[in-house]
Amino acid sequence: MKVATVLFENNSFVRESNNDNLDFMDSDLVLGFGSRDLVSDDTIFNQLKNKFPSSQLILCSSAGEIYGNEVLDDSIALTAIKFSSTVIKTFEVDITDFKNSFEAGSSLIEKFVQEDLKLVLVLSDGGKVNGSELVNGMNAVKKEKVLIVGGLAGDAAKFEKTVVGLNARPTQGKIIAIGFYGQKLLVSHGSLGGWESFGLERIVTKSKSNVLYEIDGKNVLDLYKSYLGKYADELPGSALLFPLSIKIEEVDEPIVRTILSIDETNQTMTFAGDVPEGSKVRFMKANFDRLIDAASDAASSCLEVNSFSPKLALLISCVGRKLILGSRIDEEVEAVSDIFGGDTILSGFYSYGEISPLKPFGECILHNQTMTITCINEIE
């Protein structure tokens, strides 16, 4: 397995890291994470196809790009991979072709022959797709030993639209899956948040899917604004600083939900995943050191799940963490690097939602505000 990274910035390829001497003309897979304006530009897409002509090229808009130990904006971080024996298959669906995100997720996974399928990496539109329904649909049809990971595309902190593309200029509404087949493929995963819960535990009394109306019989927007104080005028972006911890009956551990948008007219809040009626919720806040420690612990859990030295660590973290950590954002990536060591290549992006199991190789769950890591290598 050979891996190389390339950085596209200021209309040109400005940096390369290619210690494996990978021939870009011969790479099997290229993952590109970048600002929406760049990845959806026709001219830039043609430049990328010319550099990687025979690759499966997957592009995804982001809220920040991870390139090595750095977190960047207004760039495209590209990772090129050539496998020794692992075979990849790629499929996509469009959310507009389905009644809901559940059907889109199940249809996507059903496209794969699941014998010898070890890993599926999913990159989805982050605005038009309900991430909770998407993962439920995928879990409904996947076989037990298939690991599903991935994330929802981002759009900086603008929350206007997100785009994803498979061998084509990225557009809205797409959901892409890359399947990895092979007995020699090694994979592991980890996902942690590090947020602190505070205040009383409350009950969701009115919601529909991922739209929240009332908590404890009170209008959710009014309740949120009372907690946000001076940040209320900066909604919805400021709500990223105060996500919800949710306890759902069918999930053992609390999961985190972050806000995608607010509706002042209807007095509702739309979250990146479902917030079921009857679920128990608490507000959360950030502690800088705990966020960074959680990134380190997510890397450590990868090594505990499957003890091997990863060739590539794919990091998908949340836009909310990036906004909170600000100038310290590089520290959570550096914390991951410290665990894996210098031989592991880091790549990834900041997302509107992270997809990963809570338990080792269990069913995938939509997370918000987490650092999610997937490690890959091959037995040569």
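Reader: How do you know which classes the residues of the lining of the largest pocket divide into?

Author: In this predicted model, the lining has 11 nonpolar, 11 polar and five charged residues. Gly counts as polar in this division.

Reader: What makes up the lining of the largest pocket, and which residues are the closest to its centre?

Author: The pocket holds about 540 Å³ of space. It is lined by 27 residues, and Leu192, Gly193, Glu253, Pro254 and Leu358 are the closest to its centre. Among the elements that each supply at least two lining residues are strand E13 (185-192), strand E14 (196-208) and helix H6 (288-305).

Reader: Why are H6 and H8 called roughly parallel to each other?

Author: Their axes are 8 Å apart and the helices pack at an angle of about 30°. Angles under 35 degrees count as roughly parallel, and H6 and H8 are therefore described in that way. The contact joins residues including Leu291, Ile292 and Ala295 of H6 to residues including Ala335, Val336 and Ile339 of H8. By class, this contact has 10 nonpolar, two polar and two charged residues.

Reader: Why are H3 and H4 called oblique to each other?

Author: The axes of helix H3 (residues 101-110) and helix H4 (residues 131-141) cross at roughly 40° and come within 7 Å. Angles under 35 degrees count as roughly parallel and 65 to 115 as roughly perpendicular; H3 and H4 are therefore oblique. Phe102 and Ile109 of H3 are among the residues that make the contact, as are Leu134 and Met138 of H4. The contact has six nonpolar, five polar and two charged residues.

Methods: Residues are numbered from 1 along each chain as its sequence is written. This is a predicted model: local features need pLDDT of at least 70, side-chain atom pairs count only at pLDDT 80 or more; totals for chains, interfaces and linings use all residues. Side-chain values use heavy atoms; hydrogens and water are left out. Axes are lines fitted to C-alpha atoms, for helices over the stretch in contact, and angles run from 0 to 180 degrees between N-to-C directions. Helices (H or I, at least four residues) and strands (E, at least two) are DSSP runs, numbered from the N terminus. Angles under 35 degrees count as roughly parallel, over 145 as roughly antiparallel, 65 to 115 as roughly perpendicular and the rest as oblique. Contact means heavy atoms within 4.5 Å. On a 1 Å grid over the protein atoms alone, a cavity is a set of points where a 1.4 Å probe fits but cannot get out, and a pocket is an open set with protein on both sides within 12 Å along at least five of seven lines; lining residues have an atom within 4 Å of a point. Grid points are joined across faces, edges and corners, and a volume is the space filled by probe spheres set on the points.
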